[in-house]
Amino acid sequence: MPASAREDRRPLLRRIDRLAVASFSVLALLVGIYWVHQVLRGDDYARQAENNRQRSVPINASRGFILDRNGKLLAENEPSFTLLLYRRETRDVEASLRFVSTLLGRPLEELRRRVERLRGGYDFVPVVLDDDLSIAEVGAVEAHALEHPELVVQTTERRVYTQGTVLAHLLGYLGEASPEQLASRAGRVRSGESIGQRGIEAAYQDLLAGTSGLRTFVIDSFGREVAELDRLDPLPGNTLVLNVDLDLQRIADDYFRDKVGSAVALDPRTGEILALVSAPAFDPNVFSRRVTRAEWQTIIGNEDRPMQNRALQNVYSPGSVWKAFVAYAALTNGIPASETAFCPGFATFYGRRFRCHGAHGTVDLPRALQVSCDVWFYNAGRRLGVDALAEAARTFGFGRPTGVDLASEKAGNVPSSAWSQSVRKHPWYPGETISVAIGQGPLLVSALQTARAFSALANEDGALPVPHLFRIGEHVRSGARVAYRPPVTERVPFPPGVRETIVEGLWRVVNQPGGTAYRYRVEGLDACGKTGTVQVVAQKQAKMTHQLPEKLRDHAWFAAFAPRDDAKIVVVVFVENGMHGSSAAAPLAMRLIEAHLRPGSVPVPEPPAAPAPEATPPGGTTTAANGAGAPATRTGA
Amino acid sequence: MSRLADALPRRVDVPLLFAALALSAAGLAMVVSTTSGTPRGSLGGRQALFLLAGVVAAAFFALFDYRLLLRASPALFLASLLPLVWLPVFGPTIAGAKSWIRLFGGFQVQPSELARIATVLLLAWILENDDRPYLSTRTVAALVGVVALPVGLILLQPDLGVALTYVPFLVAALYLGGLRPRVWAGLVLAGSLAVGASWFVLKDYQKDRIRTFLDPDLAARGAGYQVRQARIAIGSGGIAGKGWKEGTQSRLGFLPVRHSDFIFAALAEERGFLGVAVVLGLYGLYLARGLGVARDARDRGGSMLVLLVVLNVAAQAAANVAMNVGVLPTTGITLPFVSYGGSSIIATWAMTGLVLSVAQRRFVNV
């Protein structure tokens, strides 16, 4: 049936016309859709395209170094090598992990776990396989760069504390910012960034951190960098100079190697902290790497709590050290220095017998300080009442934080009748005043508070400076300096002769036969001090104190300053379960004073060889397994 | 429209030829832009060769009397099916499908594209022989059979995208031949059922594509990634585009198969809405001229031949353009004249040659 020219073409032409209408409608619709996306919403898509191809990565600023007052390096940074796995660059992640495991001897399980943690995330985000490669390992990995392009070594900086455990509590350490820290430092700290935790690192985070830079580069769809677009260099952090004297710090640290306790050395005139040691300590370098579970267990499993800064976070009864301030209360409340008491070895008040550690006969105030006679102070305390004692204590800064530039300082407790009513909900018993007069009872002070209070005794004008570690912050590039600005200094008002009387008593403690620290005097230092021994168990039970389990033995205090006139150093040493203030604490105090007043005269111990993997110094102090029932005086509240 | 056609030169339909050449040139430019400096940098040169071959094929078919081809179409059709039967059994697997026959010099032929030409001719021949207002049942059965045969063979490869490009042939043939409304209703119903049933036949990746089409956010990094990146490429082109070889989405590899299936998105990114409008306008011109030639063809067979070719090109172009912007699911349909691919280019040009042949002979013997 050949085609015929006579066929009726009209239906076909009609269909062609309809097709034309339909086709051009579709065409117009498509043009409209492209108009919407390209013209109306083009800017939005352009932004998305930019985000697609650009990545901005912060460049961490070098953290500022920390130096001691003589310019000795305490904290610096060293390059650290991180091994990254780019999953997109390998066909077989498992094979890459096996290669790393054999090459570097890392457990395959741990590597798998690290990959597993990022499963489900974008695969162009690299997995951190190891963040502590040695130089040799870096070389080994890079020698295989061609066969294993998925493995990349990234160089970052790691904080190094040159002195290991020696300045642990003072410097603090670095750790990843917690959610709370991110919130309180919004805009200044990025998620995942390491910031100062505790110590100077935390207190001066903003000065030390510097300003991070920003690198913007073009990437392809595999996340590989194609070209750098922009680079904003980071500004390194300030170098911090502290008041601490590394030599004194080392001497104190060495002394505490087998002890638990703390030591503080101040310049009484300014409050500059020359040394601040708390034992046991931890190695802050441990936190610069990823802390392993075992390391963390070692630290928190230690019942001596190495993370605590005992110099300011633990408060204790001051014991006989307190007598210096009771003396101030007596002298300023009408009890003259010449007033005597007779000490037969005990005294009876309110029908109860209070013991003295010896029979001192007739003693006046300087003599009472010198031999640490309890009976004189029992009598003075009974006449003064607890509120007069409390007022004197507050004048010397007890019962409130000192204002030191370290966080988490404890205020301690200064008991008074008002305190008894409001906190204990019962009246103050006069018998308690007798205990408080010799530094026992509900009275709690920190070593740092005690050092500050002794500064007021050491200073002729009674100045009560704020202890501080910060000396100078210096900008690395511009050299601009931020110096410590002391707040208005409080003063302890001394009526004429009062300070001199107390100082005479404290001088005799060290320099006259019969003084409780006379055995530990160093000729020519002209030191003044006061010993203290804090009973951990009631005296009745403590007949043979040397046979007591260590945890129940007395705590030892020694507070001192030197020289007698124009004092240049105040030292407070506290040894937990150290028995006698004189024997356990005084030797270190004297050594620190001598080292400070006669530079070079005291051999400075070398720091423990290389940052020890162990977080705590080995100590005999943790051996008392039966030291359950925490001693009453170690209240942390 | 006929008046416009009347005003054009008689021997060669210049506007249609111009549209085809301009589209091919735009395609070549985009293939070069998206591949130069990459491991696929040689594709631009190969595309130029394909175009040359395509134009030669078009010239051959334009000079040839299409009536001879129509008469020979049953034999041509059967011959073109032979490689399609051979492929699923013996063909080499390339990119997951047995769609290709390897030739000398690293070239490959896609028999499904060449079968397209024979199918067009046979469909036109069948329609020529049934000029009543409505098609007979026998003719309908013949049309369905002629399309179903190659489609079935191509699905065995499997190549869903190419198979789908045959569907417009059938719809257009039935429409142009004429069906009663109730027959249309029945066909639509049957077609819907077939589509529903096909869900159980589809491969998982094909289902994924349909799912992501229905909900692109479903898998922003999986199959939806392509759709999203293509749309970002298109949108970020703005009005004027980012410039030749400046498309970040395509140059940095965010855009998938950017020299082929998604070449239009690359064009939209680099040439902007203006470029999109020009290219779509060229398709419009090609379509308009095709319809004009069909109206003026001297016989029913010529009209049908031209209409089938032009509608096939237009439908493929519309589907690809819609797919690029995410209005249709990603199916692997290429953009005629523009996308990289030898068989597709040569087949499209050859069919365009058929249109030119009809146009040249429109007033002869009238």
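Trainee: What is the area buried between chain B and chain A?

Mentor: About 3900 Å², and carbon and sulfur atoms give 67% of that. Buried area is the accessible area (1.4 Å probe) that two parts lose on being put together, summed over both. Before we go on, this is a predicted model, where local features need pLDDT of at least 70, side-chain atom pairs count only at pLDDT 80 or more, and totals for chains, interfaces and linings use all residues. Residues are numbered from 1 along each chain as its sequence is written, chains are lettered from A and ligands numbered from 1 in the order in which they are written, and side-chain values use heavy atoms, with hydrogens and water left out.

Trainee: How do you know which residues of chain B are in contact with chain A?

Mentor: Contact means heavy atoms within 4.5 Å. By that rule, 54 residues of chain B are in contact with 39 residues of chain A.

Trainee: What makes the pair R295(B) and D17(A) a salt bridge?

Mentor: The term asks for a side-chain nitrogen of Lys or Arg within 4 Å of a carboxyl oxygen of Asp or Glu. Here the N to O distance is 2.4 Å, so the pair passes the 4 Å limit.

Trainee: Which helix gives the largest share of the side of chain B that touches chain A?

Mentor: That's α12(B), with 12 residues. Helices (H or I, at least four residues) and strands (E, at least two) are DSSP runs, numbered from the N terminus. The touching side of chain B divides into 29 nonpolar, 15 polar and 10 charged residues. In that sorting, Ala, Val, Leu, Ile, Met, Phe, Trp, Tyr, Cys and Pro count as nonpolar, Asp, Glu, Lys and Arg as charged, and the others, Gly among them, as polar.

Trainee: Why is S96(A) called buried?

Mentor: Buried means under 20% relative accessible area, exposed over 50%, partly exposed in between (1.4 Å probe, protein chains only). S96(A) has 1% relative accessibility, so it counts as buried. This residue sits in helix α3 (residues 93–104) of chain A. Leaving out residues up to four places away in sequence, S96(A) touches L85(A), T90(A) and E150(A).

Trainee: Why is R113(A) called partly exposed?

Mentor: Its relative accessibility is 45%, so it counts as partly exposed. E110(A), at 23%, gets that label too. The two side chains meet in a salt bridge, 2.7 Å from N to O. Both lie in helix α4 (residues 108–117) of chain A, 3 residues apart, about one turn of the helix.

Trainee: What makes helix α10 of chain A largely enclosed?

Mentor: In this helix (residues 246–255), 8 of the 10 residues are buried, so the rest of the structure largely encloses it. Among the buried ones are L246(A), R250(A) and Y255(A).

Trainee: Last one: what makes a nonpolar core, and how many residues has the largest?

Mentor: A nonpolar core is a set of buried Ala, Val, Leu, Ile, Met, Phe, Trp, Tyr and Cys residues joined through side-chain atoms within 4.5 Å. The largest has 107 residues, and Y34(A) and F264(B) are among those with the most contacts inside it. Helix α12 (residues 263–296) of chain B gives the most to this core, with 17 residues.
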